[in-house]
Structure formats: structure tokens, C-alpha cells
Amino acid sequence: MTTAAPQTLERMLPTEWRDFFTLTKPRVMTLVIFTAICGVLAAPGHIHPVLGFTAILAISMGAGGSAALNHWWEADLDAGMKRTMNRPLPGGRMRLDDARDFGIFLSAVSVGLMGLAIGWLAAGLLLGAIIYYAVIYTMWLKPRTPQNIVIGGGAGAFPPLIGWVAVTGDITAMPLLLFAIIFFWTPPHFWALALFVQSDYAKVGIPMLPVVAGEKVTRRQIMIYTVLLTPIAIAPWAIGGTGWIYGSVAVVLSALFLLLALPVGSRTKTADDKMLPEKRLFKYSIVYLFVLFAALVADRVAAYQGWMA
Amino acid sequence: MTPEEEREFTRRRKARNWVVAGTLLFFVVLFYAITIVRIGDPG
């Protein structure tokens, strides 16, 4: 994409601030911010709006910092893939060390901010999430196992847990269930996408499940994780952590998830396949998570206002 | 550096400086607000 001439020119110039912003993966951040806000709002107890904002800011900065470290570590892989070859590092618009330092700085500030403003349990969890994503996932397991999506899902599952703990100050069953929901949601969400999007992960040696184990195994795994997700999504209501608003939404949404996963799990691709069931499942999975977490907040608000008898 | 490169260099440095200044200002205000809230917090 980038020719040699502008690349040498770019190397002499200071990096644009927008490229630093790109390192934080702003699009992934929207989900992080949304689930973190839901964790803060759904937790029982009160947090001052300024502190609630600070907690969400710290979580977002931690996510941004670990994303920058991910860019730094995978710069050579990104250079080999069409989707990522124009990122700031493989595009030659930023020095490798700058990305690393930016990531470490952002992560350190996020943990310090959380510790000072909110508390050290939430800060410790945030540090754990950063290390989990940047080190355990990115550096260690992603290039080694086709279950990498499952492990990566763990990283995405931290924000609502940390948001909740920022309010309550302790870890109970409810925030752990929120963690588990995103953890089990990620594999069917991502593998549905992987089935219909031609990626070149194989080219750079990342063992994605559809490539390594084949389509049939991937479809079965989608089914397994969807079945596991259903009781976990309903559990917050079943253990009495929420009211009927969340409970009914969770039951309906999960039933629909199962219904849409069924054809994906059982069929095989034909020649000239449009992959409609897979596309439908992928799109629905996004709606599923947003509505489920919104219902969690609506449930808490309704209980707080005394609307639920 | 050619004059065009120099102009581009200055433009980028300036833009970055503004972003850093804005971020610092934001954190000054945020820390002030956090301090006020936590002082008023009986817990």
C-alpha cells in the first residue's frame, strides 16, 4: 500500500496524534465503554457521577493501552494481512518503540487513576485485564491455540466486572456472571463472522479455528458455546440478582440466539453459498449483547424507582 | 527538509501539542473534581 518514498519521509516527521488514537482501537472501545457503563449502572449501591465517569474513563484507558501494546506486538503480523497492513505501525507512520511506550504509559495511568479515585480492588482487576489481554492473550496464547477466540473473549469480559466492582467494592456472583456472559458470547459471535469472512490469518500463522480444525468443528463449537451461554445469561435472574424485566428479556433473547445458531451449527456449506444463516447469527449476536445489557440497566432502574412490585 | 516537509513537520507538532495540552487540562479539571467529591465523601 504505502510506497517506499513517503515511508522514509514519514519516518522523519512526528507521528500524527490520530495515529496514536488509532492504536487504542476506538471501535473495540465502544463495546468496552458500553459494557463498563452497564456494569456501573447495574451495580447495587451509589457512586458519585464524577467517580462513575472516572471509573469508566480508567477502564477505557486500560483497554486503549492494552490495544496499543497489541498493535506493537503484532506489527509484523499486521503487515502481512490486507485488513491491517495500513495500521500506523505496518504503514510506517510510527516508530515501534513509541507504540510500546504509549501503551505502557496509558495502561499505567489507567491503573493509577482507578486506584486513587475508586479503589485498589478495581485497579487490581484492571491491571489483571491489561496483562491478560496484552501478555497472556496477545503474546502467549493467540499464536498457539485455535481456541484463541475463547481466551480473547475473556479480555472483553472484564469491563462490566470492573465497572460493577468500582461501585460495590467487592466481587460477588453477579459481576462474575456478567463476565461469564461475554466470555461465552464471544466464540459464537466471532466464529460466525470467521465462517463468512475470508481472512488471511493463516498466512501469518495465527491458528484460527475454521482454518485449523475446519468448518464442521467450528459449527459444532458455535453450537456448544451458544448452549452454554443460555443458562448463564438467564442465571442473574434465576439467582435473584435481577427482576423479571431482565429475566424475560434474557429468556426471549437467548431462545432466539439458540434458534439462529441451530441452522449454523447443523448445515454444511454448499458451492456458491451466500452464508445467510451465518451472517444473520453474527448480526443478531451484536444486538443480543447490547439489548441484554441494556435490559440489565433498565431492570436496576425500575427496581430503584419501585416500578417492579 | 524541503519547505513543504518543514511546514508539515510544524503542523503535526502543533496539532500534537494542542492534543497534549487539552488532555492535561482535562485531567487537571478531573482531578480537582475527584478531590472535591472525595473530600465531601463521609466514607
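In the predicted model, Ala173(A) is partly exposed, as 13 other C-beta atoms lie within 10 Å. This residue belongs to helix α10 of chain A, which covers residues 173-196. When residues up to four places away in sequence are set aside, the contacts of Ala173(A) are Ile239(A) and Gly241(A). Gly241(A) is 68 residues from Ala173(A) along the sequence, and the two C-alpha atoms are 8.6 Å apart in space.

Helix α10(A) also packs against α9(A), the two axes coming within 7 Å and crossing at roughly 165°. The handedness of the crossing between α9(A) and α10(A) is right-handed. On the α9(A) side the contact involves Phe158(A), Pro160(A), Leu161(A), Trp164(A) and Val165(A), which meet Met174(A), Pro175(A), Leu176(A), Leu178(A) and Phe179(A) of α10(A). The composition of this contact between α9(A) and α10(A) is 10 nonpolar residues, with no polar and no charged ones.

At the level of domains, chain A is divided into domain 1, comprising residues 10-169, and domain 2, comprising residues 172-309. A distance of 22 Å separates the C-alpha centres of domain 1 and domain 2 of chain A. The contact between them draws on 27 residues of domain 1 of chain A and 26 residues of domain 2 of chain A. On the side of domain 1 of chain A that touches domain 2 of chain A, at least two residues each are supplied by α3 (26-42), α8 (148-156) and α9 (158-168) of chain A. The most is given by α8(A), with 7 residues on that side of domain 1 of chain A. By class, the side of domain 1 of chain A that touches domain 2 of chain A holds 16 nonpolar, 9 polar and 2 charged residues.

Helix α3 of chain A includes Met29(A). Met29(A) has 18 C-beta neighbours inside 10 Å and therefore counts as partly exposed. Beyond residues up to four places away in sequence, Met29(A) touches Thr24(A), Ser60(A), Ala63(A) and Gly64(A). The C-alpha atom of Met29(A) is separated by 19 Å from that of Arg100(A), a residue 71 places away along the chain.

Most residues other than glycine have a negative phi. Lys25(A), which is not a glycine, has a positive phi of about 50°. Lys25(A) is located in the loop that joins α2 (17-23) to α3 of chain A, and counts as partly exposed because 18 C-beta neighbours are found inside 10 Å. A positive phi, near 60°, is also found for Asp272(A), again a residue other than glycine. Asp272(A) is placed in the loop between α13 (244-266) and α14 (276-305) of chain A. With 5 other C-beta atoms within 10 Å, Asp272(A) is classed as exposed.

Chain B contains 1 helix and 0 strands. The C-alpha trace of chain B spans about 60 × 10 × 5 Å along its principal axes. Chain B has 43 residues, of which 2% count as buried. The contact between the chains involves 12 residues of chain B and 10 residues of chain A. The side of chain B that touches chain A is made up of 7 nonpolar and 5 charged residues, with no polar ones.

Contact between the chains includes a helix pair, α4 (residues 49-73) of chain A and α1 (residues 3-40) of chain B, whose axes come within 9 Å and cross at roughly 130°. The orientation of α4(A) and α1(B) is therefore oblique, and their crossing is left-handed. From α4(A), Val50(A), Leu51(A) and Thr54(A) meet Leu30(B), Ala33(B), Ile34(B) and Val37(B) of α1(B). The residues of this contact of α4(A) with α1(B) comprise 6 nonpolar and 1 polar, and none is charged.

Definitions and conventions. Residues are numbered from 1 along each chain as its sequence is written. Chains are lettered from A and ligands numbered from 1 in the order in which they are written. This is a predicted model: local features need pLDDT of at least 70, side-chain atom pairs count only at pLDDT 80 or more; totals for chains, interfaces and linings use all residues. Axes are lines fitted to C-alpha atoms, for helices over the stretch in contact, and angles run from 0 to 180 degrees between N-to-C directions. Helices (H or I, at least four residues) and strands (E, at least two) are DSSP runs, numbered from the N terminus. Angles under 35 degrees count as roughly parallel, over 145 as roughly antiparallel, 65 to 115 as roughly perpendicular and the rest as oblique. A crossing is left-handed if the near helix is turned anticlockwise from the far one by less than a right angle, and right-handed if clockwise. Two residues are in contact if their C-beta atoms, placed from the backbone, lie within 7 Å. Ala, Val, Leu, Ile, Met, Phe, Trp, Tyr, Cys and Pro count as nonpolar, Asp, Glu, Lys and Arg as charged, and the others, Gly among them, as polar. A residue is buried if 20 or more other C-beta atoms lie within 10 Å of its own, exposed if 12 or fewer, and partly exposed in between; C-beta atoms are placed from the backbone. Domain bounds come from an automatic or database domain assignment.
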